[in-house]
Amino acid sequence: MTAEQVTAYASRVLAANPGPMTLEGTNTWILRAPDADTAVVVDPGPMLVDHLQAVLDAVAEYGCSVSTVLLTHGHFDHSEGAAWFASQANAPVRSVDPAFRIPTDHAHGLNEGDVITSGDLRIEVLPTPGHTMDSVCFWLPQDGSLLTGDTVLGRGTSVVAHPDGALGPYLESLESLRAFANSPAGVERLLPGHGPVITDPGAVLTHYLNHRKERLDQVRTAVADGYTTPEAIVQHVYADVDPILWPAAERSVRAQLDYLDD
């Protein structure tokens with residue numbers, strides 16, 4: 001089997017695209033009810049044919065066909081291979097951004113309250129704009145699993161991908177997810193777009209919120225101290241961060257400055 005069975009309903013195929021932003025690589029998730037003959041694939045990943053074929057092979061080994069392809073958001077490391085994969089699997093693609101939908105009609109969008117079913121599998125759509133404005137999470141109530149894309153990573157913290165994202169909505173999304181994780185819904189784990197599974201959702205979401213607020217305070221202080229450009233702020237505030245990550249940090253700083261200007 002080319003897929004790692006992570007829960008009763010979710011297995012993972014890791015793309016060979018490791019890096020500072022993708023960690024070990026993109027997690028492509030195969031979702032299926034036990035003994036089902038259909039599966040849903042979330043985030044086929046980059047246009048790496050070996051990886052996409054491995055996902056197809058894993059679905060076939062389960063004795064399944066792909067009923068639907070879902071995208072958590074449109075960044076290329078999640079979406080680039082979606083059209084090729086969907087063509088091979090003869091399946092539609094659903095996303096918030098119409099540019100990635102196959103077919104491109106409204107019915108293949110993703111909206112709050114939408115429910116996707118595949119056999120006995122139930123997937124509920126939770127819009128979580130912020131990392132990008134088209135970001136969504138997927139809730140598997142039967143499994144206690146929440147797929148978070150890049151809104152929450154398995155290790156470290158995510159960036160607000162300015163200009164695709166915005167800090168205000170991101171903070172609101174994190175607050176909503178924390179409330180959901182701490183509710184009676186029964187969120188047992190987060191299945192992220194990169195990195196390992198998170199088994200303490202409430203604590204990690206609290207850390208994310210605290211980290212964002214601390215960084216915002218640091219940026220606010222840096223501006224008051226005369227660091228007025230994003231580049232200068234990054235060098236001052238993110239001095240403890242590997243410089244290879246500074247371009248991503250600059251995107252977050254630009255989002256923070258927009259937030260402070262509102």
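1. Strand β1 and strand β2 (residues 10–14) pair in the antiparallel sense over 2 bridges, and E4 has R12 as its bridge partner in β2. Strands are DSSP runs of E with at least two residues, helices are runs of H or I with at least four, and both are numbered from the N terminus. Two strands count as paired if DSSP finds at least two bridges between them.

2. The model is predicted, so to speak of a local feature requires pLDDT of at least 70 and side-chain atom pairs count only at pLDDT 80 or more, while totals for chains, interfaces and linings use all residues. Residues are numbered from 1 along each chain as its sequence is written, and side-chain values use heavy atoms, with hydrogens and water left out.

3. The strands of point 1 belong to an open sheet of 6 strands, ordered β1-β2-β3-β4-β5-β6, with mixed pairing. Its edge strands, each pairing on one side only, are β1 (4–5) and β6 (93–94). Helix α3 packs on the sheet and touches β4, β5 and β6; the direction of α3 makes about 155 degrees with that of β5. Axes here are lines fitted to C-alpha atoms, for helices over the stretch in contact, and angles run from 0 to 180 degrees between N-to-C directions.

4. The largest nonpolar core has 22 residues, of which V13, I30, V41, V59, V66 and F85 touch the most other members. Such a core is a set of buried Ala, Val, Leu, Ile, Met, Phe, Trp, Tyr and Cys residues joined through side-chain atoms within 4.5 Å. At least two residues of this core come from each of β4 (38–42), α1 (49–61), β5 (65–70) and α3 (82–89), and α1 gives the most, with 6 residues. A second, separate core of 21 residues includes L146, L167, I198 and A255.

5. Contact means heavy atoms within 4.5 Å. With neighbours within four places in sequence left aside, the contacts of V13 include T26, I30, H51, A54, V55 and A58.

6. A further open sheet has 5 strands in the order β7-β8-β9-β10-β11, again with mixed pairing. Strands β7 (115–118) and β11 (189–192) form its edges, each pairing on one side only. On average, neighbouring strands of this sheet are turned by 25 degrees against each other, direction ignored.

7. Strands β7 and β8 run antiparallel and are joined by 4 bridges; V115 has E124 as its bridge partner in β8. The two strands form a hairpin with 2 residues between them, and G119 in the turn has a positive phi of about 65 degrees. Strand β8 (residues 121–127) also pairs with strand β9 (residues 136–140) in the antiparallel sense over 4 bridges, with L126 opposite C137 in β9.

8. Which residues of β7 lie on its covered face? They are I116 and S118, whereas V115 and T117 form the uncovered one. In a regular strand the side chains alternate between the two faces of the sheet. I116 counts as buried at 4% relative accessibility, where buried means under 20% relative accessible area, exposed over 50% and partly exposed in between (1.4 Å probe, protein chains only). Among the residues that I116 touches, not counting those up to four places away in sequence, are T68, L70, R94 and L110.

9. D134 lies in the loop between β8 and β9 and is buried, with a relative accessible area of 15%. Leaving aside neighbours within four places in sequence, D134 is in contact with T72, H73, G74, V96 and D97. D134 and H75 are 59 residues apart in sequence and 9.7 Å apart in space, C-alpha to C-alpha.

10. A cis peptide bond joins I102 and P103, with omega of about -10 degrees, and P103 lies in the loop between β6 and β7. The bond from H162 to P163 is also cis, with omega near 5 degrees. L23, a residue other than glycine, has a positive phi near 55 degrees and is buried, with a relative accessible area of 17%. D35, likewise not glycine, has a positive phi near 70 degrees, but D35 is exposed at 76% relative accessibility.
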